[in-house]
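Below are some remarks for a colleague who is looking through this model. They begin with a single residue and then turn to the sheet and its helices.

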Amino acid sequence: MGLTSGNTTDDELVMRLALEEARRCLDHDDVPIGAVVTRNGEVLAAAGNERELANDPTAHAEILALRAAAAAVGSWHLEGCTLTVTLEPCAMCAGAAVLSRLDRVVFGAADPKAGFAGSLGNLLRDPRLNHAVVLTDGVLAEECGELLRSFFRERR
């Protein structure tokens with residue numbers, strides 16, 4: 001699937017796709033987080049959280065999207081790829097981004113309780129690791145954050 005941009009940036013277009021994935025999570029009562037992997041303007045994979053659906057603590061949107069992207073390209077090396085996700089990646093997902101050799105990670109809302117792309121730490125840019133990932137944060141942050149806030153408001 002190719003992406004075209006009119007009056008909006010490519011990052012915003014892809015984030016809107018990630019938001020669509022996040023909204024699908026509501027159908028199975030998972031926290032609405034969506035992720036999309038792209039390369040050269042093409043969508044390789046998209047996923048939403050499936051922890052509740054799969055009873056799998058590792059079934060984060062980012063992990064599922066990275067697995068699908070690796071399968072699509074036939075390699076775990078995802079150089080040239082960008083991961084776009086609605087919420088700042090946790091330590092597991094930030095680590096997976098580094099290990100998969102992504103070029104970039106783009107996220108929407110910050111996660112001050114579990115985020116490891118700037119909030120609690122930054123695995124993506126840690127100079128001790130063998131790969132650094134370019135980070136773009138705050139893309140459609142308000143829309144991404146509101147989806148999460150409304151999900152948790154309804155459960156209280």
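Which side chain of opposite charge is nearest to D111, and how many Å away is it?

1. The model is a predicted one, and within it the side chain of opposite charge nearest to D111 is K113, at a distance of 7.4 Å. Because a salt bridge is counted only when the side-chain nitrogen lies within 4 Å of a carboxyl oxygen, this pair does not qualify, and D111 is left buried with no salt bridge.

2. As for its setting, D111 sits in the loop that connects β4 (104-109) with β5 (134-136). Once the neighbours within four places in sequence are set aside, the residues in contact with D111 are L87, E88 and S119.

3. The sheet is open and consists of 5 strands, arranged in the order β2-β1-β3-β4-β5 with mixed pairing. Since β2 (42-48) and β5 are at the edges and each has a single partner strand, one side of each lacks a neighbour in the sheet. On average, and with direction ignored, neighbouring strands of this sheet are turned by 15° against each other.

4. Within that order, strand β3 (residues 81-87) and β4 run parallel and are joined by 5 bridges; on this pair of strands, T82 is placed opposite R104 of β4.

5. Helix α1 (residues 10-24) lies across β1 (34-39), β2, β3, β4 and β5, and runs at about 140° to β1, while helix α3 (residues 61-73) lies across β1, β2 and β3, and runs at about 145° to β2.

Note on methods:
Residues numbered from 1 in each chain as written. Predicted model: local features only at pLDDT ≥ 70, side-chain atom pairs only at ≥ 80, totals over all residues. Heavy atoms only, no water. Helix = DSSP H or I, 4+ residues; strand = E, 2+ residues; numbered from the N terminus. Buried < 20%, exposed > 50% of the residue type's maximum accessible area, 1.4 Å probe, protein only. Lys, Arg positive; Asp, Glu negative; His and termini not counted. Contact = heavy atoms within 4.5 Å. Pairing = 2+ DSSP bridges. Axes fitted to C-alpha atoms, helices over the stretch in contact; angles between N-to-C directions.
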